[in-house]
Structure formats: structure tokens, C-alpha cells
Amino acid sequence: MELSPNSLAFIALCNEFCFAVENVRESTRRDFVASMLRLLPRIYISASDLKPEPLLEEDEAYIDSFLDEDYYESIRRQIENLLGEEDVYLEVFEEDMKYSDTPIGMSIAEGICDVFQVLYNFIVMVKDAPEELVNSALTAVKEDFGTYWSQRVCNLMRPLNHIRYSSEAEDEEGDEDDF
């Protein structure tokens with residue numbers, strides 16, 4: 001079994017995303033936001049187009065957990081510090097919103113880290129793995145995409161877009177912002 005070009009592209013994008021998130025400390029807010037706005041839509045499209053080989057009945061699609069809570073929290077705090085007050089945004093597509101009279105605040109840093117956790121675990125699992133295991137991991141990540149992290153990716157695009165383009169507009173007006 002040979003991996004499809006889309007599967008290989010997806011793995012490469014996941015690796016690039018994880019690298020960008022893990023190196024947030026060396027990034028400026030402008031560069032980090034631009035990187036996320038460049039990577040997240042491509043990951044979404046690539047994950048949507050994943051077509052892993054069907055698994056045999058006895059095979060189970062799963063991804064082991066490799067990311068520990070301390071590392072997750074460390075990266076989340078770094079992103080939160082980088083974005084400052086712009087880290088929090090109002091979310092209307094949150095399940096709890098149906099039952100709430102007040103807006104629900106979400107964190108860009110937490111959303112990015114939630115996607116990072118899925119993709120980090122995926123990348124660690126497929127690194128140097130035989131193709132059968134890679135296919136199983138692709139199946140699992142595709143299933144998780146539909147049920148969980150696809151919505152996260154979509155939810156993140158709006159506030160990241162707002163940060164990028166509202167800050168650029170302020171720059172054009174002569175505001176000395178970090179963007």
C-alpha cells in the first residue's frame with residue numbers, strides 16, 4: 001500500500017503546523033497569526049479530502065496520546081501571551097450557546113492548542129511508522145476531523161482574520177501596533 005499524494009501533503013501540513021505552534025515563542029504576533037491563517041485553511045481542505053485505505057475489520061483506527069498536559073498548557077500560555085487581550089473572542093457556534101442568554105467567550109490559544117494536540121499526536125504516531133499504521137492513523141484523524149476538530153479550525157479563522165486585518169487597518173492609520 002502506497003500513501004496518496006494528499007495523505008503525504010496532509011502529513012507535511014500537520015508537521016508544519018506543529019512546528020509553527022511549538023515555536024510560537026520565537027514568533028511575532030503578526031507572523032504567528034499570518035502563519036495560522038495560511039496553515040489552518042490548507043489543513044482543513046487537506047483533511048476534508050483524506051481518503052485513507054479501508055481498514056480490515058479487525059483493525060481499529062486510533063491515535064495514541066503523546067502530548068502531555070504540561071506541554072499543552074505551556075504552549076497555550078505562550079500563544080495567549082502573544083495575542084494578549086485579542087486572545088478572547090465571542091463564539092456563536094459553541095454547543096452551549098443554544099442554552100445561553102449571554103455570549104460565550106472562547107480562547108484562540110486554547111482552540112489552536114486543541115487542534116495542535118490532535119495533530120501532534122498524529123505526527124508522533126506516524127513518524128517512522130509502517131504504512132499500515134499510518135493508514136490507521138489517517139483514518140482516525142479523518143474521523144476526529146468530522147466529529148471534533150473541523151469546527152475548531154473554522155471557529156479559529158474568524159478571530160485570527162479579525163486580528164490580522166483590523167490591526168493592518170490600524171497600522172495604515174499610523175497606529176504603532178505590534179502588527
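**View 1. The buried residues of helix α1.** In α1, the buried residues are Ser 7, Phe 10, Ile 11, Leu 13, Cys 14, Phe 17, Cys 18, Ala 20 and Val 21. The model shown here is predicted. Two cysteines, Cys 14 and Cys 18, are on this list. So are two phenylalanines, Phe 10 and Phe 17.

**View 2. Helix α1 from end to end.** This helix covers residues 5–22, 18 residues in total. From the first C-alpha to the last, α1 reaches 26 Å. That is close to the 26 Å expected at 1.5 Å a residue.

**View 3. Asp 128 in its loop.** Asp 128 sits between α4 (108–126) and α5 (131–172), in the loop that links them. Its phi is positive, at about 60°, although the residue is not a glycine. Most residues other than glycine have a negative phi. Is Asp 128 buried or exposed? Its relative accessibility is 75%. Asp 128 therefore counts as exposed, since the cut-off is over 50%.

**View 4. The whole chain, for orientation.** The chain holds 5 helices and 2 strands. Along the sequence they follow the pattern α-α-α-β-β-α-α. The chain has 179 residues, and 41% of them count as buried.

**View 5. Contacts and surface of the chain.** Take the contacts between residues at least 6 apart in sequence: 77% of them join residues at least 24 apart. The chain exposes about 10,100 Å². Carbon and sulfur atoms supply 49% of that area.

Technical notes: Residues are numbered from 1 along each chain as its sequence is written. This is a predicted model: local features need pLDDT of at least 70, side-chain atom pairs count only at pLDDT 80 or more; totals for chains, interfaces and linings use all residues. Side-chain values use heavy atoms; hydrogens and water are left out. Helices (H or I, at least four residues) and strands (E, at least two) are DSSP runs, numbered from the N terminus. The expected span of a helix is 1.5 Å times one less than its number of residues. Buried means under 20% relative accessible area, exposed over 50%, partly exposed in between (1.4 Å probe, protein chains only). Contact means heavy atoms within 4.5 Å. Accessible areas come from the Shrake-Rupley method with a 1.4 Å probe; for residues, only the protein chains shown count as cover.
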